[in-house]
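Good morning, and thank you for making the time.

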Amino acid sequence: MEDTSLRLAVLKEAAPGETRVALLPDAVKTLIAKGLEVAVESGAGLASGHSNESYAEAGASLTLDRADLLSSADILPLVNAPPAQDQRNLKRGAIAIGFLRPLDDPAALLPAIESGVTLFAVELVPRITRAQAMDALSSMATVAGYKSVILAADTLPRLFPMLMTAAGTIAPAKVFVIGAGVAGLQAIATARRLGAVVEAYDVRAAAGEQVRSLGAKFLDVDLGGMATEDKGGYAKELSEEALERGRDLIAKTAKTADVIITTAQVPGRRAPLLIRRDAVENMRPGTIIVDLAAAAGGNCELTRPGETYVHNGVTLFAPLNLPVAVPGHASQLYSRNMTNFLALLVKDGALHLDMGDEIIRGSCVAHQGQVVNPRVSTALEALAAPQTIS
Ligand code: NAD
């Protein structure tokens, strides 16, 4: 009898610098127990600490033949969108799920869309309660928030905790966190665990209580009762005047900070510019800024996305993808998010694409050769429109 099991393929991620893997061996084992067949590209888990043997023990078949893996897969859990040639090798009707950057770089997905691949972007999973266990953005923000503080602590020429020694007392480091969302709150918790004194600023008043519950001080700016939050609980884009009030508070606080971790973002927009050049120039030499909003343009006027450099003795880090520096746990969280998402798509070992489900519909970029997400269609149309030169 012909084997009709769904075939799931785990690739060795091709993006430069990528260390994560989409599924860990324990997830593979669970999926095989549910009747799926799993093939893993040799070396897929090595950079995150998972050997080929651990995948084989979980029941996966291992292969060096990437082209065969691509052309035979029904489902591809991915971290990043694969290169164009890989996308062309996928079979019509296959399903690919990952950080596909559908709004940042929709054109990079055209080969898969044209090949009739169904694409799901984890960035588009609606942030509703039912989808919390699939929220890969929150998972990666948690890892990045933690690692940003470790990076700063490792570079700062001072210690974080207060120490009372026979050679005198060492004052605790002062850490200032801008944006108290998922990454910011994790940065606050990590800095507190290391013994720093922490202050934080966010435009959402609701963040205040969470900041204080972590033992940090919340800094408020009087915005005259202006609405700063949308219906989904995210920050709104602020007026220039309101932004400037935030910048003034930040400049004042920056003067005495040892470390600034900045994470402020507004969904679908460039990250707000909050740390002016003069604020950096008034910081003491040896201090550190980690701009976690670098991939969205950055919160600091002097940020150079993807680079680390020193300005007047202040080190500015602007990592584009900090979770790759913690691949073990980043992959563990991502693998769990992925497994929960797959449970929506696969029922009793068979594909079950219920486009009526808010999570499936919301995260679907393309299906049967058509772009189904209106924001992605608009982004692609804008790229296709003739450019006018004024
Ligand atoms: P984000 O990455 O979009 O932004 C980070 C932070 O920057 C936010 O707290 C935002 O308020 C802040 N910010 C934006 N503009 C600012 C400015 N001009 N000045 C200062 N701060 C500014 O946000 P996020 O971390 O993804 O999450 C934001 C909210 O969504 C939080 O309340 C979080 O708890 C909530 N959330 C809910 C779910 C869920 O229900 N499934 C999942 C994730 C996050």
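**Residues, ligand and salt bridges**

S335 is buried, at a relative accessible area of 2%; buried here means under 20% relative accessible area, exposed over 50%, and partly exposed in between, with a 1.4 Å probe and protein chains only. Before I continue, please note that this is a predicted model, in which local features need pLDDT of at least 70 and side-chain atom pairs count only at pLDDT 80 or more, while totals for chains, interfaces and linings use all residues. Residues are numbered from 1 along each chain as its sequence is written, and side-chain values use heavy atoms, with hydrogens and water left out.

S335 sits in helix α11, residues 327-345. Helices (H or I, at least four residues) and strands (E, at least two) are DSSP runs, numbered from the N terminus. Which residues does S335 touch, not counting residues up to four places away in sequence? They are A22, L23, L24 and A27, where contact means heavy atoms within 4.5 Å.

Let us turn to R7, in strand β1, residues 7-10. R7 counts as buried because its relative accessibility is 19%. Its side chain is joined to that of E37 by a polar contact of 2.7 Å. A polar contact is a pair of N or O atoms within 3.5 Å; within protein, one must be able to donate a hydrogen and the other to accept it, and residues adjacent in sequence count only if both atoms are side-chain atoms. Leaving aside neighbours within four places in sequence, the contacts of R7 include E37, A39, D68 and I75.

Now the ligand. It is surrounded by 23 residues, and the closest are R127, D135, V182, D202 and R204; a residue is near a molecule or strand if one of its heavy atoms lies within 4 Å of it. The side chain of R127 has an N or O atom 2.7 Å from an oxygen atom of the ligand. The backbone also takes part: an N or O atom of G181 lies 3.2 Å from a ligand oxygen, and one of Q265 lies 3.3 Å from a ligand oxygen. On its own the ligand has 840 Å² of accessible area, of which the protein covers 84%. Accessible areas come from the Shrake-Rupley method with a 1.4 Å probe; for residues, only the protein chains shown count as cover.

I close with charge. Side chains of opposite charge can pair when their charged atoms come close. How many salt bridges are there? The count comes to 21, a salt bridge being a side-chain nitrogen of Lys or Arg within 4 Å of a carboxyl oxygen of Asp or Glu.

R247 pairs with E240, with the closest N and O atoms 2.8 Å apart, and R247 is buried at 9% relative accessibility. R276 and D248 form a further salt bridge, at 3.0 Å from N to O. This pair links distant parts of the chain, 28 residues apart: R276 is in the loop between β12 (259-262) and α10 (277-281), and D248 is in helix α9, residues 240-254.

R304 is partly exposed at 40% relative accessibility, and E307 is partly exposed at 40%. Finally, salt bridges that share partners join E240, E244, R247, D248, R276 and D278 into one network.
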